[in-house]
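Dear colleague,

Please find the structure below, together with its sequence.

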Amino acid sequence: MHIEIDQDRCCAAGQCVLAADDIFDQRDEDGVVVLLDHVPDDADALARAQEAAALCPALAIEVHA
C-alpha cells in the first residue's frame with residue numbers, strides 16, 4: 001500500500017485525522033493535511049486510510065493498495 005496526498009487540494013476539513021490519526025495530521029498554521037506514514041503495513045491501516053480518502057471532501061488523498 002502507498003498513500004499520496006495533494007496538499008494543494010486539501011480544504012483542511014480534518015476528516016482524515018479523525019479516521020486515521022496515526023497516518024494523517026494537520027499543519028498547525030492552516031490545517032492542511034500532513035502524511036505521517038506513506039506506507040502503512042497492515043490491513044487495519046489500509047482500511048482506515050481508505051476510509052479517510054473516502055471521507056475527504058476535497059479528494060486530496062489517494063490510496064494505492
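**Findings in the loops and on the surface**

Asp8 sits in the loop between strand 1 (2-5) and helix 1 (15-19). Please note that the model is a predicted one. With a relative accessibility of 79%, Asp8 counts as exposed, because the term applies to values over 50%. Together with Glu4, Asp6 and Glu62, Asp8 forms a negative surface patch.

The loop between strand 1 and helix 1 also holds Ala12. Ala12 has a relative accessibility of 30% and therefore counts as partly exposed. The phi angle of Ala12 is near 60 degrees, a positive value in a residue that is not glycine. Such a value deserves mention because most residues other than glycine have a negative phi.

A positive phi, of about 55 degrees, is also found in Leu59, which is not a glycine either. Leu59 belongs to the loop between helix 2 (43-55) and strand 4 (61-64). Its relative accessible area is 55%, so Leu59 is exposed.

The remaining point concerns Asp22, which is located in the loop between helix 1 and strand 2 (24-26). Asp22 is partly exposed, at 42% relative accessibility. Which residues does Asp22 contact, leaving aside its neighbours within four places in sequence? They are Leu36, Asp37 and Arg48. For Asp22 and Leu36, the separation in sequence is 14 residues, while their C-alpha atoms are 7.0 Å apart in space.

With kind regards

Note on methods. Residues are numbered from 1 along each chain as its sequence is written. This is a predicted model: local features need pLDDT of at least 70, side-chain atom pairs count only at pLDDT 80 or more; totals for chains, interfaces and linings use all residues. Side-chain values use heavy atoms; hydrogens and water are left out. Patches are made of residues with over 30% relative accessible area and no salt bridge: like charges are joined within 9 Å, nonpolar side chains (Val, Leu, Ile, Met, Phe, Trp, Tyr) within 5 Å. Accessible areas come from the Shrake-Rupley method with a 1.4 Å probe; for residues, only the protein chains shown count as cover. A salt bridge is a side-chain nitrogen of Lys or Arg within 4 Å of a carboxyl oxygen of Asp or Glu. Lys and Arg count as positive and Asp and Glu as negative; His and the chain ends are not counted. The place of a charge is taken as NZ of Lys, CZ of Arg, CG of Asp or CD of Glu. Helices (H or I, at least four residues) and strands (E, at least two) are DSSP runs, numbered from the N terminus. Buried means under 20% relative accessible area, exposed over 50%, partly exposed in between (1.4 Å probe, protein chains only). Contact means heavy atoms within 4.5 Å.
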